[in-house]
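User: I have a structure open and would like to go through it piece by piece. Can you take my questions as they come?

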Amino acid sequence: MAESMRALVYDRAKDPWDSSKGLRVEEVPRVTLDERSDYHDRNRVLIKPRYVGFCGSDRGIWFRKAFKDMICGSLDNETKALRHAKDQRVIGHELFGEVVAVGSEARRSFGLEVGDLVSAESHIFCGVCHQCRSGDHYVCADDLIIGISYDGAFADYVKLPAKVIWRNNMDRMRPEVAAVQEPFGNAVHACTKVNLRGKRVAIVGCGTIGLFAVAIARAMGATYIVGVEPVKHHAEMARKLGADVVLEPGAGAEDYAHDPGLCAEVRRLTDGVGVDVALEMSGMNSSVNNAIHLVRRGGDVILFGLKSGDAIIESFDRVIVDGINMHSVIGRRIWETWHITRHLLEARDPNIHDLVWEVILNGGEGPIVPFDEFSPERFEEAISSYPKVVLKF
Ligand SMILES: [Zn+2]
Ligand SMILES: [Zn+2]
């Protein structure tokens, strides 16, 4: 019997997708690096996770709201390749850990060494498709997502291709903050889609990524930031992170519709003009319409919030007639966004690093959950109470 390790998994045999929730800690076969039995291990590294963030996408898996097809489809593929049933997916991709073994090519081509303290880009790009060959790895046609379609980091060990490993400089970053660079990078990507310098900006939806975006927009020179957020303690955090004002969205005429009162208030706050840029960070249909109605003529709407299925765009003609620029954001530009992420977190003016630690991670009180003490009930309470929960190994 091969050695085992602990991992937080979704198990489709034990927990059928449509009639279960949560994740379970299981003993699974321990991953190892062995070039003689697997040629590809030359290009891989074995990592011992220390802190791993729990993502909004992991929440989607926990509550069975998203990623069923990606998880089950990839398990089917692995079952075929392995010629035995594979029903467990190790979840987790917001990694901070220590390299404990390095493949020969991973050392030679990427300079990785045992002892390196690393994070990972969660999109394992193929490197050879049209987009990858054009430098747009973040929209690779054939990518695997760590912790969804590839075994992830909520485990004693994780094995990853060297090409997605990001080496951290720990002189200027706490390990807990290093673990949230991947989601922070989503917000950096959203805030770098257009130039925010000197702009008035609305962040519509101050969940985890929206909260990051408030601090980043401020650091990138936005001069006025309006948060839109219904949850009181999130609104409070948005203020602490740099929002000038946080408004509560009300109901529109239909459940998909914008809130006219909210939009009138934003116009009032911006000399009757509207904001230059609205970042939609929730994915709610009404929030998308709010974002479109908050921007001025010729402004930019950045769409990041994600919800599957159809959405209704109200008065679509206005988008065209008012020359509103729509952009969508997925993942992070590899590695451009990571460099900006690193610089923003390592700089101390403004001190986003400490804001993330003190405001979003509450100084470690509550959101940092030891893996040894994992229980589904306690964990579900933590992910319901804090914008970002990080598992400590
Ligand atoms: Zn994530
Ligand atoms: Zn590709």
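**Loops, sheets and domains**

Analyst: Starting with S315: 13 C-beta neighbours lie inside 10 Å, so S315 counts as partly exposed. Keep in mind that this is a predicted model.

User: Where is S315 found?

Analyst: S315 sits in the loop between β15 (295-303) and α11 (316-321). Its phi is near 30 degrees, which is a positive value in a residue other than glycine.

User: And N362, what is its phi?

Analyst: N362 is not a glycine either, and its phi is positive, about 50 degrees. N362 belongs to the loop between α13 and β17.

User: Is N362 buried, exposed or partly exposed?

Analyst: Partly exposed, because 16 other C-beta atoms lie within 10 Å of N362. The cut-offs are 20 or more for buried and 12 or fewer for exposed, so that count falls in between.

User: Which residues does a cis peptide bond join?

Analyst: One such bond joins I334 and W335, with omega about 5 degrees. W335 is in the loop between β16 and α12 (336-346). A cis peptide bond also joins D349 and P350, with omega about 0 degrees. P350 is placed in the loop between α12 and α13 (352-360).

User: Switching to domains. What does the assignment give?

Analyst: For the protein chain, the assignment gives domain 1 as 4-180 + 361-392 and domain 2 as 187-328. Their centres, taken over C-alpha atoms, are separated by 31 Å.

User: How many residues are in contact between domain 1 and domain 2?

Analyst: 4 residues of domain 1 are in contact with 5 residues of domain 2. On the domain 1 side, the residues touching domain 2 divide into 2 nonpolar, 1 polar and 1 charged.

User: Ok, sheets. What is the order in the open sheet of 6 strands?

Analyst: The order is β13-β12-β11-β14-β15-β16, and the pairing is parallel. At the edges are β13 (245-247) and β16 (325-328), each of which pairs on one side only. On average, neighbouring strands here are turned by 20 degrees against each other, direction ignored.

User: How many bridges join β11 to β14?

Analyst: 4 bridges, between β11 (residues 200-204) and β14 (residues 275-280), and the two strands run parallel. V201 is opposite V277 of β14.

User: Which strands does helix α7 lie across?

Analyst: Helix α7 (residues 208-219) lies across β11, β12 (224-228) and β14. The helix runs at about 170 degrees to β11.

User: What about T192, where is that?

Analyst: T192 is in the loop between α6 (181-191) and β11. With 18 other C-beta atoms within 10 Å, T192 is partly exposed. T192 and G283 are 91 residues apart along the chain, and 19 Å separate their C-alpha atoms.

User: Now the open sheet of 3 strands. What is its order?

Analyst: That sheet has the order β2-β1-β4, with antiparallel pairing. β2 (24-29) and β4 (88-90) are the edge strands with a single partner strand each, so one side of each has no neighbour in the sheet. The twist from one strand to the next averages 60 degrees.

User: How do β1 and β4 pair?

Analyst: Strand β1 (residues 4-11) pairs with β4 in the antiparallel sense over 3 bridges. One of the residue pairs is D11 with its bridge partner Q88 in β4.

User: And β3, which strands do bridges join it to?

Analyst: Among them are β18 and β5. β3 (residues 44-54) runs antiparallel to β18 (residues 389-392), with 4 bridges between them, and G53 has V390 as its bridge partner in β18. The link from β3 to β5 (residues 94-102) is also antiparallel, with 8 bridges. There, L46 has A101 as its bridge partner.

User: Which helix makes a β-α-β unit with β17 and β18?

Analyst: Helix α14 (residues 376-385), and the unit is right-handed.

Methods: Residues numbered from 1 in each chain as written. Chains lettered and ligands numbered in written order. Predicted model: local features only at pLDDT ≥ 70, side-chain atom pairs only at ≥ 80, totals over all residues. Pairing = 2+ DSSP bridges. Axes fitted to C-alpha atoms, helices over the stretch in contact; angles between N-to-C directions. Contact = placed C-beta atoms within 7 Å. Domains from an automatic or database assignment. Nonpolar A, V, L, I, M, F, W, Y, C, P; charged D, E, K, R; others polar. Right-handed = clockwise from strand over helix to strand, strands pointing away.
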